[in-house]
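The sequence and the model come first.

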Amino acid sequence: MNDLKKIFTSKRISLFVRLVVGITFIYASIDKIAVPQYFQQIVQEYKIVGGFFSWLLSLVLPWIELTLGIFLLIGLWPRFTAAAIALILLMFIIALTIVAIRGQEIDCGCFSLKSSDLNKENPISLIIRDLAMLIAIVFVFVHEVFRMKKPSG
Amino acid sequence: MPQKSFRWIIALLILIIVMFFIQYRKEALIKEKSLAGQSNAKLPRIQLRDWRGQAIDIANLKQQVLYIHFIDPRFDYDREFFIKAYREWKDQPIRFLLFSNDPEKIVEKYPELNDKVNIFDTDIEKMRKILGSDKDFSFCYLYDDDRKYYFRTQTFTPYEYLMRYEMKKLIKKEYFRVEEFFGKQKNLRQMNRLKEIMELIPQNKRKFIILGFLTSFCESCTEGTLLREIKRLHGLGVAEAGMLFFETLTPSDVENFKTQMDVKFPVTLARGELLSEWKRFIDVYSPVELATIIVIASGDGEIVRVYYRGCDCFDRFFKYLKEMKTKEEKWP
């Protein structure tokens, strides 16, 4: 139990996870902010939201990813940031699960939107990747909770 | 400085750096989209709606060759170009996307254009821009089953001239391979069919041989570029050269060609066995496929490298010729 607590209170591990997830989120937002209309097409390919909502999502989501990525990287409001990222990852996982249940193969468009980089991927592998990030961000959240509870002095 | 203010400053700095990256990626992605009609480019993700209201997502058209044609209903030749292509390939895994201001007219004239043909009367200019197609001309494009650019041509030339050949090559993988022409023999000097021209080309072990097989000549085409390179290498003393013409030229044409182009190496017309062999291939394939063959051989005639239409190696071959600058350079 103490070992587990040691891991969760380790500043180094938390910093490392924050760096990895933060940079991943910033990187993932770049192409989507650059050409939102490409991203909208990918959102529509998921066939979960269409029309106005796909347009709204393609405009707003990348900026949220970028903001949360920067906040996580520099450690601003870490509990809130970690919780928000976890929520977004959960949203991605749900979307990918729906796609997987339908048996669809999609161009994820998670990072690059360059046509030559887009390839149909099995949603299961994408779910596994997002789950790994979710576990990592939950770790950051728990670490921050422990840190706040720690008596000062 | 309080820690929180410091963090905000860092956040701002990161944001500025990211904005630079965003600008860079925006240019790269838009450039990629606007160059879709050029070699090695992929057709970007585009959503279109045809004149019947059917939504087409280019991204979902994988596993099918895409034939895109900007049709001008004013010109019969343009419609004929398309209809010939359609009739020949309609049963193959190919999707026809037709862009025209006048879909009703086309469908009225050709009711056979069934659901395999999507006609678009909107987004024509947008597509032309993406593919880099001049709006004053009729162009058609071929994209392979991975949406990668394959070929384009203007449609004032007959369909049979280039497009049919490229479609055959892309879809059926049927095309003339130079190995069929040369057979198992790898030495130009040992080929009886080439005896006449090879006797005119001096044998020099320190020089290479460049032998061109041409059906016609146009200075601004591939043949013109190759001739300039051959002349350069011949002039430098790196290579001995020779040219053979088939079919379209007469002996006086050959003499005029030599004078006008200032050619100092042997140029002859194909005759006898060589000519009949050539004709046999033209009956099987199209003349386009056999239009230009360039062979590089060592001084004693051993074939080193061959350029011909089907090898899709013109850029590499041309670069290879360009790099041959001095006598001292070793061939290859």
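## Basis

This is a predicted model, in which local features need pLDDT of at least 70, side-chain atom pairs count only at pLDDT 80 or more, and totals for chains, interfaces and linings use all residues. Residues are numbered from 1 along each chain as its sequence is written, and chains are lettered from A and ligands numbered from 1 in the order in which they are written.

## Layout of chain A

Chain A has six helices and two strands (DSSP runs of H or I with at least four residues, and of E with at least two, numbered from the N terminus). Their order along the sequence is α-α-α-α-α-β-β-α.

Of the 153 residues in chain A, 40% are buried (20 or more other C-beta atoms within 10 Å of the residue's own, with C-beta atoms placed from the backbone).

## Helices α3 and α4

In chain A, helix α3 (residues 36–45) packs against helix α4 (residues 51–74) at an angle of about 120°, and their axes are 8 Å apart. Axes are lines fitted to C-alpha atoms, for helices over the stretch in contact, and angles run from 0 to 180 degrees between N-to-C directions.

## Contact between chains

The contact takes 20 residues from chain A and 18 residues from chain B (C-beta atoms, placed from the backbone, within 7 Å). On the chain A side, α2(A) gives the most, with five residues.

Methods
Two residues are in contact if their C-beta atoms, placed from the backbone, lie within 7 Å. A residue is buried if 20 or more other C-beta atoms lie within 10 Å of its own, exposed if 12 or fewer, and partly exposed in between; C-beta atoms are placed from the backbone.
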